[in-house]
Amino acid sequence: SILYRGIEYAYRKVVDNYDAFSESLVFFNFKEPMLVIEPSMRASIYFATKASECLQFARYFAMNSALLLDTDYNLHWEQGYVPQYLIRCLNFGTATTWYANCFDHILQIVFWGMGLYTSVTDRDGNAYDGTWDAKKTVALCTYEFVVGELKAHGLEDVRKILTSCSAQIEETRKWSNYIKHKGGIDYKYLAPESPF
């Protein structure tokens, strides 16, 4: 049995819960088309490949974050609860970052694949033209722009999917931004409660 935060769990139950969780995280594999001529579609396919990779990385770290007790050779059990939980927290934070990155790539898939990039304007108000390099164009892909252009082009089905996905991962994206830009997020139960 495992004693975790004051509750005793049968080891078999812990393993069964972990197996059920890991099986619930579907393994997605994007298969690239063999031949694509259109440059914007090649860019879209590139970002689809990147999104697939991010999703698998996120899956791996999410599974690791769900592991209540790592193996003794990875993290000695005699060190107790805190190191085990700290590793879980680190894996959780890493998973959230990869999930947020996946969504950013999904935006790029739509941005390039639907030809929305041709409607961007740069910070100086210049409309897109074919002389812009990919780096400049990619930097102008934002959630607001993509969703607005989908609406303007009457692509409501794609817009609805993106907005629904965004709403579902809003909290995850917030955590990821805190991890990337504000030095991390705080985790409950990592340190004992203060007696004061």
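Trainee: How many residues apart are E53 and K50 in helix α2, and what is that in helical turns?

Mentor: Start with the general idea: an α-helix has 3.6 residues a turn, so residues three or four places apart point the same way. Here, E53 and K50 sit three residues apart in helix α2, which means about one helical turn lies between them. Helices here are DSSP runs of H or I with at least four residues, strands are E runs of at least two, and both are numbered from the N terminus. Before we go on, note that this is a predicted model, where local features need pLDDT of at least 70, side-chain atom pairs count only at pLDDT 80 or more, and totals for chains, interfaces and linings use all residues. Residues are numbered from 1 along each chain as its sequence is written, and side-chain values use heavy atoms, with hydrogens and water left out.

Trainee: What do E53 and K50 form, and how far apart are the closest N and O atoms?

Mentor: They form a salt bridge, with the closest N and O atoms 3.3 Å apart. The term asks for a side-chain nitrogen of Lys or Arg within 4 Å of a carboxyl oxygen of Asp or Glu. E53 is partly exposed at 34% relative accessibility, and K50 is also partly exposed, at 26%. For these words, buried is under 20% relative accessible area, exposed is over 50%, and partly exposed is in between, using a 1.4 Å probe and protein chains only.

Trainee: How many salt bridges does a search of the whole structure find?

Mentor: Six. One of them links R12 and D16, at 3.2 Å from N to O. Both residues belong to helix α1, where four residues, about one turn, separate them. R12 is exposed, at 51% relative accessibility, whereas D16 is partly exposed at 39%.

Trainee: Which parts does the salt bridge between D104 and R173 tie together?

Mentor: First the distance: the closest N and O atoms of D104 and R173 are 2.8 Å apart. D104 is in helix α3 (residues 81-113) and R173 in helix α7 (residues 170-181), so this pair ties together parts 69 residues apart in sequence. D104 is partly exposed, with a relative accessible area of 30%, and R173 is partly exposed as well, at 21%.

Trainee: What span should the residues of α3 have, and does that differ from or agree with the distance of its end C-alpha atoms?

Mentor: The expected span is 1.5 Å times one less than the number of residues. For the 33 residues of α3 that gives 48 Å, and the end C-alpha atoms are 48 Å apart, which agrees. The twelve residues of α7 reach 16 Å from first C-alpha to last, close to the 16 Å expected.

Trainee: How many aromatic pairs does the structure hold?

Mentor: A pair of aromatic rings is described by the distance of the centres and the angle of the planes. The structure holds twelve such pairs. Among them, Y60 and F61 have ring centres 5.0 Å apart and planes at 80°, so they are edge-to-face. Y117 and Y128 are edge-to-face too, because their centres are 5.3 Å apart and their planes stand at 90°. Both of these tyrosines lie in the loop between α3 and α4, so the pair ties together parts eleven residues apart in sequence. The cut-offs: rings of Phe, Tyr and Trp (its six-membered ring) pair with centres within 6.5 Å, and planes under 30 degrees apart are stacked, over 60 edge-to-face, and the rest tilted.

Trainee: Is Y117 buried or exposed?

Mentor: Y117 is buried, at 11% relative accessibility, while Y128 is partly exposed at 22%. Both belong to one aromatic cluster, together with F111, W112, W132 and F145. Neighbours within four places in sequence aside, N126 is in contact (heavy atoms within 4.5 Å) with V120, T121 and W132. N126 itself is partly exposed, at 40%.

Trainee: Where is I37 found?

Mentor: I37 is in the loop between α1 (11-24) and α2 (39-65), and it is exposed, with a relative accessible area of 65%.
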